[in-house]
Amino acid sequence: MLARLPLPYLLLMAGVATFIFCLYMDRWLKTPKVTAMSFVVSVGCCIGMIIVGGLQYRPWSPEQMLVMYSFGWVGLAAGLIPIRKPVLEYHEEWRRGVRREKYEYSKWCAMAPVVSVTIMGFLGFILAT
C-alpha cells in the first residue's frame, strides 16, 4: 500500500525516520560524534536494505525496502526510550573514565527494542505489500 507512493514521498519518509533516530541520539547522549555516526550507520543500513531486498529469491522493490527501513528505524528509536536511564548512567561513567568488566541490564532493557522493532517491522511489512 505505502510502496505505491511516489519515490520522493518514500525518500522523505525514510529521511524523517533517519532524522527522528539521529535527533533522539543527539538529545539522548549529547555527543556530536555519536550523532554523526548514527547518521552514517542509518544511511548505510538504508542502502544495505535496498541492496539485500533486491537480491532475494523474490526481489523486493526499493520502494518496499524504504517503507521497511522507515518503520524499522522509528521502531528502534521508540524501543530505546525505555532503556534510557541505565544507558545514560553507563555512558556518564564511561565519560568519567570508569570502566567495568560487565554491564548489568535487566531483561526488559534487551526486550524493549526487540519488541518495538518487531512490531514496527510487521506493520511495515503489512503496509509495504
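A crossing of two helices is called left-handed if the near helix is turned anticlockwise from the far one by less than a right angle, and right-handed if it is turned clockwise. This is a predicted model, in which local features need pLDDT of at least 70 and side-chain atom pairs count only at pLDDT 80 or more, while totals for chains, interfaces and linings use all residues. Residues are numbered from 1 along each chain as its sequence is written, and side-chain values use heavy atoms, with hydrogens and water left out.

View 1. Helices (H or I, at least four residues) and strands (E, at least two) are DSSP runs, numbered from the N terminus. Read from that end, the elements run α-α-α-α-α. The C-alpha trace spans about 50 × 30 × 20 Å along its principal axes. The chain has 129 residues, and 36% of them count as buried. Here buried means under 20% relative accessible area, exposed means over 50%, and partly exposed lies in between (1.4 Å probe, protein chains only).

**View 2. Helix α2 (residues 32–54) packs with helix α3 (residues 62–79).** The angle between α2 and α3 is about 140°, and their axes are 9 Å apart. Axes are lines fitted to C-alpha atoms, for helices over the stretch in contact, and angles run from 0 to 180 degrees between N-to-C directions. Angles under 35 degrees count as roughly parallel, over 145 as roughly antiparallel, 65 to 115 as roughly perpendicular, and the rest as oblique. The helices α2 and α3 are therefore oblique to each other. The crossing in which α2 passes α3 is right-handed.

**View 3. Helix α1 packs with α3 and with α2.** Between α1 and α3 the angle is about 20°, with the axes 9 Å apart. That makes α1 roughly parallel to α3. Their crossing is left-handed. Between α1 and α2 the angle is about 160°, again with axes 9 Å apart. That makes α1 roughly antiparallel to α2. The crossing of α1 and α2 is right-handed.

**View 4. Ala-14 is a buried residue of helix α1.** The relative accessible area of Ala-14 is 5%. Met-65 is 51 residues away from Ala-14 along the chain, and the C-alpha atoms of the two are separated by 9.8 Å.

**View 5. A nonpolar patch lies on the surface.** The patch is formed by Leu-5, Tyr-9, Leu-12, Val-16, Phe-19, Ile-20 and Leu-23, which together have about 650 Å² of accessible area. Patches are made of residues with over 30% relative accessible area and no salt bridge; like charges are joined within 9 Å, and nonpolar side chains (Val, Leu, Ile, Met, Phe, Trp, Tyr) within 5 Å. Accessible areas come from the Shrake-Rupley method with a 1.4 Å probe, and for residues only the protein chains shown count as cover. One member of the patch, Leu-23, is in helix α1 (residues 7–29). Leu-23 has a relative accessible area of 33% and is partly exposed.

**View 6. Lys-30 lies in the loop between α1 and α2.** Its phi is near 55°, a positive value in a residue other than glycine. With a relative accessibility of 57%, Lys-30 counts as exposed.

**View 7. The structure holds 2 salt bridges.** A salt bridge is a side-chain nitrogen of Lys or Arg within 4 Å of a carboxyl oxygen of Asp or Glu. One joins Asp-26 and Arg-27, whose closest N and O atoms are 3.6 Å apart. Asp-26 counts as partly exposed at 25% relative accessibility, whereas Arg-27 is exposed, with a relative accessible area of 54%. Another joins Glu-93 and Arg-100, and here the closest N and O atoms are 2.9 Å apart. Glu-93 is buried, with a relative accessible area of 15%, and Arg-100 counts as partly exposed at 37% relative accessibility.

**View 8. Pro-113 lies in helix α5 (residues 107–128).** At 12% relative accessibility, Pro-113 counts as buried. Pro-113 is 17 residues from Arg-96 in sequence, and the two are 27 Å apart in space, C-alpha to C-alpha.
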